[in-house]
Amino acid sequence: FVQDIKEDINLRTFDLQKKQSELDVKLKKAAFLPKLIGTKYFGYQHFNDEGGLSFTNDIWHSNITFGMNLSIPIFGAYKNKGSLKVAKINERINEQIAFFERKKSKNADALLLKDHYNGLSQLEFTKSNYQLYKKNVELSLQKYNKGTISLEVHLRTYEDYLKAESNYLNSLSSVYTNYSSIRSRQ
């Protein structure tokens with residue numbers, strides 16, 4: 001169940017930045033091309049010699065206009081070349097950033113899985129150690145009650161038990177922390 005970790009959502013940001021820089025390069029290349037723009041207008045105009053506004057049909061006349069505009073970039077070529085170079089550099093930078101962030105994320109995922117499995121094995125060890133110290137403190141209490149050991153010896157045994165319990169709880173906390181990180185990505 002743990003092996004199917006999905007890709008980190010934050011990597012999408014770097015992919016989008018990479019795509020944006022690719023589109024910026026295309027836009028800068030388009031600046032070298034001539035532009036042909038066509039316009040049209042279909043409407044009515046009001047013609048009246050006496051002034052004022054009238055809504056009778058004989059005063060309104062249809063008006064159709066067509067236009068073409070051809071723009072050839074001649075003088076801005078040097079500026080466009082500089083902009084294109086900058087856009088290509090930004091594209092390469094964003095590609096490298098996306099590549100390294102993806103690699104860093106895969107390494108972090110592998111480390112998370114490794115920590116989780118190491119934590120599980122450590123949890124088993126600390127749990128068995130905790131159970132042994134629990135039995136040991138029970139035996140120590142029995143010995144103390146019978147008078148075969150001093151209170152100081154029993155308290156040291158109890159202190160060791162508390163340390164083992166603390167180690168077990170820390171291991172358990174670590175396992176659940178890693179598990180919650182893994183579960184959030186499934």
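## Basis

The model is predicted, with local features needing pLDDT of at least 70 and side-chain atom pairs counting only at pLDDT 80 or more, while totals for chains, interfaces and linings use all residues. Residues are numbered from 1 along each chain as its sequence is written, and side-chain values use heavy atoms, without hydrogens and water.

## Positive patch

K19, K26, K29, K88 and R92 form a patch of positive charge on the surface. Patch residues have over 30% relative accessible area and no salt bridge, and like charges are joined within 9 Å. Lys and Arg count as positive, Asp and Glu as negative, and His and the chain ends are not counted. Each charge is placed at NZ of Lys, CZ of Arg, CG of Asp or CD of Glu. Accessible areas come from the Shrake-Rupley method with a 1.4 Å probe, and for residues only the protein chains shown count as cover.

Helix 1 (11–30) and helix 2 (77–146) are the elements that give two or more residues to the patch; helices are DSSP runs of H or I with at least four residues, numbered from the N terminus. Helix 1 contributes the most, three residues. K19 lies in helix 1 and is partly exposed at 44% relative accessible area (buried is under 20%, exposed over 50%, partly exposed in between, with a 1.4 Å probe and protein chains only).

The whole structure has seven salt bridges, each defined as a side-chain nitrogen of Lys or Arg within 4 Å of a carboxyl oxygen of Asp or Glu. One of them pairs R102 with D15, with the closest N and O atoms 2.9 Å apart. This pair links distant parts of the chain, R102 being in helix 2 and D15 in helix 1, 87 residues apart. R102 is partly exposed at 22% relative accessibility, and D15 is partly exposed at 29%.

## Salt bridges within helices

In helix 2, K104 and E101 are three residues apart, and therefore separated by about one helical turn. Their closest N and O atoms are 3.5 Å apart in a salt bridge. K104 is exposed at 52% relative accessibility, whereas E101 is partly exposed at 23%.

R156 forms a salt bridge with E152, with the closest N and O atoms 3.1 Å apart. Both residues lie in helix 3 (residues 151–183), four residues apart, about one turn of the helix. R156 is partly exposed at 46% relative accessible area, and E152 is exposed at 52%. Elsewhere, salt bridges with shared partners join E7, D15 and R102 into one network.

Methods: Patches are made of residues with over 30% relative accessible area and no salt bridge: like charges are joined within 9 Å, nonpolar side chains (Val, Leu, Ile, Met, Phe, Trp, Tyr) within 5 Å.
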